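I opened this model to look through its domains, sheets, helices and chain contacts. My entries follow in the order I looked things up.

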Amino acid sequence: MRKVTITHAASFALMLGLAGCSAPGGGSIYVPMGGGDQSKAPEPPRTSEPETSEPQVWRKSEQPQASEPAPAPEQPTRSPSYRESGDELPAAAVALIRDADQRLQQGDSAGAISRLERAQRVAPRSAEVYFKLAEAYVAGNNLGAAEQFTLKGLSLAGNDSRMQRSGWLLLADIRRARGNVAGASQAEDRARAL
Amino acid sequence: MSKTTKSRKKPSKRQPKNQRSGLWRLLFRFALLGLVVLAGWMVYLDAVVTSRFEGRRFEVPSRVYARPLELYDGASVSASGLARELELAGYRSGNGVKPGTYRRNGGRFVISARGFLFPDGEEPRRRISLVVSGDKVRSFSVVAGPKSPIVRLEPAQIGGIYPAHREDRVLVQLEDVPELLPNTLMAVEDREFYSHFGLAPLSIARAMLANIKAGRVVQGGSTLTQQLVKNFFLTREQTLVRKGNEALMAILLELHYEKDDILETYLNEVYLGQAGVRSIHGFGLASQFYFGERLKDLAPHQMALLVGMVKGPSYYNPRRHPKRATARRNLVLNEMTEAGLLSEQEASDAKAKPLGVSGKPSFTDNRYPAYIDLVRRHLARDYQEEDLQSEGLRIFTTLDPAVQHASETSVSKTLPKLPGSDALEAALVVTAKDTGEVLALVGGKDPSFAGFNRAVDAKRPMGSLIKPFVYLAALEQADRYTLITPVKDQAFTLEFDDGKLWQPKNFDKQERGEVPLHRALSKSYNLPAVRVGLDVGIPQVQEKLRAFGITSPISDYPSMLLGSVNLAPVDVAQLYQGLATSGFNTPLRTIREVTDADNEPLSRYNLKVDQVADPAAVHLVQYAMQETMQEGTGRSAYYTLPDQLTLAGKTGTTDDGRDAWFAGFSGDLLAVAWVGRDDNGPTSLTGASGALPIWSTMMAQIPQHGFSPVMPDGVQYQWVDTEANALTGEGCQNARLIPFVAGSEPDTHTGCNGDLGGQIRSWFEGLFR
């Protein structure tokens, strides 16, 4: 009974993953060797420290107001990076996940996991690969690992609310199956709130 | 008494008659003794033969493979990297149609993969076509063979675990050997193999006749069985006794075993070459060693060469003496026609072919000693050494030859440029950020030297590499600490119970009064780190370290807050794995799986993840570690690396520059570099000037994704004036976009709303929030 619900939630997750995952916010920036953009020389290290010489002196003499835009904006070429969602699945990973699904249907969870780990190496920052791994571990009756992979997937779901929702539902099912009722309903609340 | 005298007398009476019979008896006794000795000797030889024969069947070294290169649309690989990878896996530049060859035209590759039996199934032979542009695979397609959007090349063999006698072989079974090979072997070496009893007197006579005619040894009369027995002896001296023993043992062997058993053992036993200290035995390995092909895929002219080489593997070595080898091969091809194995036409076609030997042996042994060392330690947890040496296991590791190559060159190029380089040593560990797979390992300045493996065994104080964990412990208390919390950068003295004093100092001996927390980390100031650490509590920091993977005891002294915790570079890599993956501990692995010789899986080492920290707090630490690279102690990385490659990292320097550390990550890779002296002496280096150059030189050689963590639940980015400690607008003075655990952002506002563009942007962003 429990397993059935879990598989439902998980295949729901997969459906979402494979159907359309036009995640907003773009993926990570790929940088070929040497940076690809060779025309631009690397910028010398910048510093926003007040004690570093000239700009500071100049500013002091000008008595800048609080509202004046800073001459050297903090953001331009280099700034700490973040994004709002994980990567999309490339075709290669989708093919491996399909293969893994077939293995799961044949009851071969170890075979499925080995294919999903290949998919994970192809798309290590995509939430659905981890949700699928969680599903395979559920099938292999390793609920502890399944829960961890769901959490890992959730950490990459970002602001993709469909992905978030299927992740939280999957987590709720797994937690309930592990006897963690409070954790399960907490996860359900998260899913409902989306 | 009387009896004795009697008996003494008696023989003297019958002397003449007794003399004769005594002689007979003596002869009889001698004969009996001889028979007993011979029988004993036979029993002994029999034991030798059977034990050797049985023993030989099982001593097969284990093979260690690199990770297979996966090719698909979007795969990260450079054209030069792909070419190197192909060479390493024994591919030859050619027409791209023959299996094991590839054709390259600029960025366009056509590769004919040989196929490989992976633990999870057979990767069939395929011909694939692809273009490498912008260090990415594009236009990937399967031209011949089963279609698939992703194809694995055969993994390069990177080492072996050998028995003490260093014999290497790939076992083959008779039913898997193409019939032409044993038939050729018999045609050349032993035509009556299936009918003789171990010896072939007629052949011996024929050989003697031929030798007498020629006046020198031109022909041998040894049967395959005798040749096999000959291999059981370790010495090569030729004596009559030895010949006799061989003959006896050959007969014994034939008595005990079937012809097919003997033939199969011969095929696996015969000596066919040498690679350094490693000897090449059997046709299975010889086929890979000379042609880079599986035995079942050999063409007749290749089989002819291998069979020809049986007579003298070094004399007919096709790499060193191609002319001799060709002549010998053609002689064998003639024999094959004579024996009816080939038609005249086939033989002359085969003779017209070049030797077709691969450029160099498919791998040089022990190319990556430090990496293999770590693999062996991991194997030792689950396997006995003697099993590894004799059971022919297949070990699939996670070594990435491209990353390993980049790591070795960056150490060997960078280290000599550092001041005092003669006494310096280095270590470098590279892992895949999200899988924990160890991709490369360098254990010293000479990467090919199998000595002290510093990457694993040099336990050194981690210095400032500990600071992210100190601040993580603080930032997990979002109500007390945010990235802009001002922390005191002022000297102080701690007095211990025993009256001893401790007075930590900044690296530059300066004090700055108050600095925001993010800058205290990115500039690696010591005083704020100690103050924050003491405030959240040493046990809390220890707990973080343990959760992220430190298993050794951690000091209770406050000096631990400045890194008086001894770790090897691989330990640091393990520790930083959790920081790089938003709080998920991912155990480092060097092995994906181990199978037995028949591809039956023995162990799989699966990917594991374990959430050990609040992802929101880790995200804040990642922010400060990115700032380290852009504005802080790690910024010199961008002298070498392109701006677009966003990175996060941390420098570490211990007292008097005894240890220079750098640990950091991109979107794909995590690497830890260490530089110092084996005698733990002082250097003039810091983490930034000693270890970071090695780290960045390595990173610059690998195409990869920038680090850009997904914003976790419960984190919000806000523009803040870090000096005024208040919210502000984009473009205002001291404005920085900084992540906060929701609710912990400042509640005051500078009143500056920034430029118009920023306002419009934030208005739009508000719409979609």
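**Domains of chain B.** I took the centres of domain 1 and domain 3 of chain B over C-alpha atoms and found them 36 Å apart. The model is predicted, so I read every value here as computed from it. The assignment for chain B lists domain 1 (63-156), domain 2 (161-352), domain 3 (410-700) and domain 4 (715-768).

**Sheet with β1(B).** Next I looked up the strand at residues 62-65 of chain B, β1(B).

I then traced its partners. β1(B) runs antiparallel to β11(B), residues 157-161, with four bridges between them. Val64(B) sits opposite Gly159(B) there. With β15(B), residues 394-397, the pairing of β1(B) is parallel and has three bridges. Tyr65(B) has Phe396(B) as its bridge partner in β15(B).

At the β26(B) end, β25(B) (residues 591-595) pairs with β26(B) in the antiparallel sense over three bridges. Thr595(B) has Pro601(B) as bridge partner in that pair.

**Sheet with β8(B) and β9(B).** I found another open sheet of five strands in chain B, in the order β3-β4-β5-β8-β9, also with mixed pairing. Its edge strands are β3 (92-93) and β9 (136-144) of chain B.

Inside it, I checked β4(B) (residues 101-105) against β5(B) (residues 108-113). They are antiparallel, with four bridges. Arg103(B) has Val110(B) as its bridge partner.

Then I went to β8(B), residues 126-133. Six bridges join it to β9(B), and the two run antiparallel. Val132(B) stands opposite Val137(B). How many residues lie between β8(B) and β9(B) in their hairpin? There are two. I noted Gly134(B) in the turn, with a positive phi of about 60°.

**Helix α17(B).** Why do I call α17(B), residues 467-475, largely enclosed by the rest of the structure? Nine of its nine residues are buried, so the helix is largely enclosed. The buried residues include Lys467(B), Phe469(B), Tyr471(B) and Leu475(B). I looked for what covers them. The cover includes α18 (517-522), α19 (526-536), α20 (538-547), α21 (569-580), α22 and β28 (648-653) of chain B.

**Chain A.** I turned to the other chain. Chain A has eight helices and one strand. From the N terminus the elements run α-β-α-α-α-α-α-α-α. Of its 194 residues, 44% are buried. I also looked at its contacts between residues at least 6 apart in sequence: 65% of them join residues at least 24 apart.

I picked one helix pair in chain A. The axes of α5(A) (residues 127-139) and α6(A) (residues 143-157) come within 8 Å and cross at roughly 170°. That angle makes α5(A) roughly antiparallel to α6(A). On the α5(A) side the contact includes Tyr130(A), Phe131(A) and Leu133(A). On the α6(A) side it includes Phe149(A), Lys152(A) and Leu156(A). By class, the contact has 13 nonpolar residues, two polar and one charged.

**Where the chains meet.** Last, I looked up the interface. In it, 61 residues of chain B contact 57 residues of chain A. On the chain B side, the elements giving two or more residues are β2 (70-72), β27 (610-611), α22 (615-630), α23 (637-640), β31 (704-705) and β34 (735-741). Which of these gives the largest share? It is α22(B), with five residues.

β1(A), residues 30-31, pairs with β31(B) in the antiparallel sense over two bridges. Tyr30(A) stands opposite His705(B).

How values were computed: Residues numbered from 1 in each chain as written. Chains lettered and ligands numbered in written order. Predicted model: local features only at pLDDT ≥ 70, side-chain atom pairs only at ≥ 80, totals over all residues. Contact = placed C-beta atoms within 7 Å. Pairing = 2+ DSSP bridges. Buried ≥ 20, exposed ≤ 12 C-beta atoms within 10 Å, placed from the backbone. Domains from an automatic or database assignment. Axes fitted to C-alpha atoms, helices over the stretch in contact; angles between N-to-C directions. Parallel < 35°, antiparallel > 145°, perpendicular 65-115°, else oblique. Nonpolar A, V, L, I, M, F, W, Y, C, P; charged D, E, K, R; others polar.
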